[in-house]
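Let's take a walk through this model together. Have the chain up on your screen and we'll go from the overall layout down to individual side chains.

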Amino acid sequence: MLQQILQDMYIDPAVLEQLNEEQKQILFLKMRQEQVRRWKEREEKAEREEKKIKKTESTKRVNWLLGKDGDVWVWVMGEARGDKPSEQICREASAKARKFTENQRKLFSDSDTWNTDKHEQFKPNGNSEVYATSKVFEDDKNW
């Protein structure tokens with residue numbers, strides 16, 4: 001009966017009335033010991049989980065390059081001597097993306113799986129349709 005009381009942390013008031021003062025004191029002491037035991041167990045579990053999380057966190061650090069003034073060194077793309085203007089960099093990136101997209105389109109159009117001429121639809125797991133599209137920006141401002 002004591003094990004059940006300690007497990008539930010509850011005692012029926014009628015049962016409590018039947019106990020003498022010494023038995024009530026012993027019961028109170030045992031219940032308090034059980035509370036402390038459970039609290040310590042929860043704290044240890046929380047510490048173990050915290051250590052586990054800390055182990056999985058990255059230990060990599062970033063060290064910023066500092067300028068002569070001791071502040072973080074900053075480079076604005078296209079404004080330093082010898083840099084290409086930012087508009088030219090964007091045009092080149094857009095052209096590179098356009099070329100990549102065209103190569104992918106050619107690669108997949110040659111494949112039977114991606115050939116849209118057959119009007120077949122790719123259905124993963126046999127139940128849902130998947131459509132893929134790509135857009136090549138002709139205007140660099142949209143890039």
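What follows starts with the fold, then turns to the core, the surface and the salt bridges.

A word on the ground rules: this is a predicted model, so to speak of local features we need pLDDT of at least 70, side-chain atom pairs count only at pLDDT 80 or more, and totals for chains, interfaces and linings use all residues. Numbering runs from 1 along each chain as its sequence is written, and side-chain values use heavy atoms, with hydrogens and water left out.

The protein has four helices and zero strands, in the order α-α-α-α along the sequence. Helices here are DSSP runs (H or I, at least four residues; strands would be E, at least two), numbered from the N terminus. Of the 143 residues, 7% count as buried, where buried means under 20% relative accessible area, exposed over 50%, and partly exposed in between (1.4 Å probe, protein chains only). The accessible surface comes to about 13,700 Å², with 52% of that belonging to carbon and sulfur atoms; such areas come from the Shrake-Rupley method with a 1.4 Å probe, and for residues only the protein chains shown count as cover. As for contacts (heavy atoms within 4.5 Å), among those with a separation of 6 or more, 41% join residues 24 or more positions apart.

So what is inside? In soluble globular proteins, nonpolar side chains tend to be buried together. The largest nonpolar core here has five residues: Ile 5, Leu 6, Ile 11, Leu 27 and Met 31. By nonpolar core we mean a set of buried Ala, Val, Leu, Ile, Met, Phe, Trp, Tyr and Cys residues joined through side-chain atoms within 4.5 Å. Helix H1 (2–8) and H3 each supply at least two residues of this core. Look at Met 31: leaving out residues up to four places away in sequence, Met 31 touches Ile 5, Leu 6, Met 9 and Tyr 10.

Met 9 deserves a stop of its own. Met 9 sits in the loop between H1 and helix H2 (13–18), and is partly exposed because its relative accessibility is 22%. Most residues other than glycine have a negative phi. Met 9 is not a glycine, yet its phi is positive, at about 55°.

Beyond its neighbours within four places in sequence, Glu 34 contacts Leu 6 and Met 9. Glu 34 counts as buried, because its relative accessibility is 14%.

The structure holds five salt bridges. In one of them, the side chains of Glu 41 and Arg 37 meet at 3.1 Å, N to O; being four residues apart in helix H3, Glu 41 and Arg 37 are separated by about one helical turn.

Further along, Glu 102 forms a salt bridge with Arg 105, the closest N and O atoms being 2.8 Å apart. Glu 102 and Arg 105 are also about one helical turn apart, because three residues separate their positions in helix H4. Glu 92 pairs with Lys 84 in another salt bridge, at 2.9 Å between the closest N and O atoms.

How values were computed:
A salt bridge is a side-chain nitrogen of Lys or Arg within 4 Å of a carboxyl oxygen of Asp or Glu.
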